[in-house]
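Let's take a walk through a protein model together. Keep the picture beside you as you read.

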Amino acid sequence: MNPPTLLSVEHLTMRFGGLIAVDDVSFSVEQGAIHALIGPNGAGKTTVFNCLTGFYKPTVGRITLHSPESRTPFLLEQMDDYRIVREAKVVRTFQNIRTFPKMSVLENLMVAQHNHLMRASGWTFLGLIGAPSFRHAEAESVERAEYWIGRTGLAEYADTEAGALPYGEQRRLEIARAMCCDPVLLCLDEPAAGLNPSETEELSELIGYIRDHHHISVLLIEHDMSMVMGVSDHIVVLDYGQKIAEGAPETVRNDPAVVQAYLGSDDEDEAGESEDTTS
Amino acid sequence: MNDESGRDSGRIRIRVMDYFAQQFINGVSLGAIYGLIAIGYTMVYGIIGMINFAHGEIYMIGAFIALMAVVAFGISEGGLVVLALLSALLVSMALTSLYGWVLERVAYRPLRGTQRLAALISAIGMSIALQNYVQLTQGARVKTLPPIIRGGFEFQFGNTEFIVRLSTLQILIVVVTLALMAIFALLIAKTALGRAQRACQQDQSMAALLGVNVDRTISLTFVMGAALASVAGLMVTLYYGVIDFFVGFIAGVKAFTAAVLGGIGSIPGAMLGGLLIGLTEAMWSGYFSIEYKDVATFSILVIVLIFLPTGILGTPEVEKV
């Protein structure tokens, strides 16, 4: 029996003027599984992410999230970006790191729990007078933040400004911060970019831990093939905005279309329409 | 003979000290008011990088609403003055905040994401529109309010005839300002709203992707700035006893100068800048000429912009790569 579907993307198309960045792509993500989205540069992977998280409104297509926390499914393509995080609980990270550089690591993680704290602070008034309910909620948030700080190995940096962190630590901070949003689906955009092999190894472990111990589904964009093959349960391959293959890592690895997309064939050079909007 | 002249110079010295003390007191109370208005400029600049030139008008509207509330509550001397003033303050804060909220909603939000200049021009337009709105509805005549809070302390140093006055109202202004500053510092540093504001200041779209409602956070920033401006409006009405539809312009530009002097974007800077501008104005009026006090203030703006563009507490803006 298959585990229930968490996310289904149907006929997703994203056009920028004459350029079709994503062309009729459909795939689904199962609950509690790690799915990877791979493909050469400019294949449209990040565009898919941008559609999922409300940064772009897709030209055509439907993105449905069957959240275990809600009876009615969410139609992500119709929601504002902050509501996708707050209500549907789909959270993403970026390939170019985007922390709040002038806030401490702990505060970065507190921002991620904004809505919970905002409610508890009763529109700020209860927070100002230090009401017990707010203090309780804040203590809970700090606890959750500290849990993820510990999990991602940032304990010694808790009070450091995020901008002063080493590169690898900033990457892990992004994941910790995303986890503080209490996601049901975690979208990681090239989390291993710029990491050395041992850091990549740790990252794989962290992603596996998130799936196994928190039962959170992960959708991963990654170029590091050994990592993708090692960690993923299911892989979707895009090329020029189209889905060319999908399946278990073993199946995808030996798929002739995938091999051709990655290594190129002789007539590839003449195609001449490979302008990238996403990289 | 010698003894006589010695006593004279002593008397003059005391008089110099007295005069300075008096101008210092006046300058600090004025500076507190400028500081409160300046916070509105600096917070909005911090979060959306725009100078809200209609903020002076929000302050002016705050002053009018405060005046009306004071009259409506029938505040006169004696009785429950404190309670009535507090109600007037709350009413004026609430209504002025509403103006601030509508201003952002109508004039700035539709232009967000376009060029910065568009919102700036819209702000100047709103400033003119609000001035005329008040002129039309309230008339162009100066409105007066008889002094409500009297009394204070008088100090006399030595046997000079010069008396230093510290009025109850001046104490009230400084105390209220300090209290609001403390509440504000707490709000920015400790509450979820303040944290969201700081997050939006650094990266709005990232804040949205963590579930922060950016539009609402910006709205609340305008609301907070307007609330503080209305407090300044009430205090000025009580302090000077006269207001008209044009008070927002000069006060607004001076508070803007204060925000730039302190370092735009920095809240302690706005307060410090306000204090310095208030003191400059009082000292200039006291020692040089009262007619040229505005010239002195605006010269500071020019000098700061040329020699210290980031202000006293501002951090130099580093271009993002």
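Predicted model: local features only at pLDDT ≥ 70, side-chain atom pairs only at ≥ 80, totals over all residues.

Residues are numbered from 1 along each chain as its sequence is written, and chains are lettered from A and ligands numbered from 1 in the order in which they are written.

The contact takes 25 residues from chain A and 22 residues from chain B; two residues are in contact if their C-beta atoms, placed from the backbone, lie within 7 Å. On the chain B side, H6(B) gives the largest share, seven residues. Helices (H or I, at least four residues) and strands (E, at least two) are DSSP runs, numbered from the N terminus.

Now follow H6(B) to its neighbour H8(B), residues 214–240. Their axes come within 10 Å and cross at roughly 105 degrees. Axes are lines fitted to C-alpha atoms, for helices over the stretch in contact, and angles run from 0 to 180 degrees between N-to-C directions. Angles under 35 degrees count as roughly parallel, over 145 as roughly antiparallel, 65 to 115 as roughly perpendicular and the rest as oblique, so H6(B) and H8(B) are roughly perpendicular to each other. Among the residues that meet here are Leu193(B) in H6(B) and Val214(B) in H8(B).

Finally, turn to chain A. Strands E3(A) and E9(A) run parallel and are joined by four bridges; two strands pair if DSSP finds at least two bridges between them. Ile38(A) has Val237(A) in E9(A) as its bridge partner. E9(A) also pairs with E10(A), in the antiparallel sense, over five bridges.
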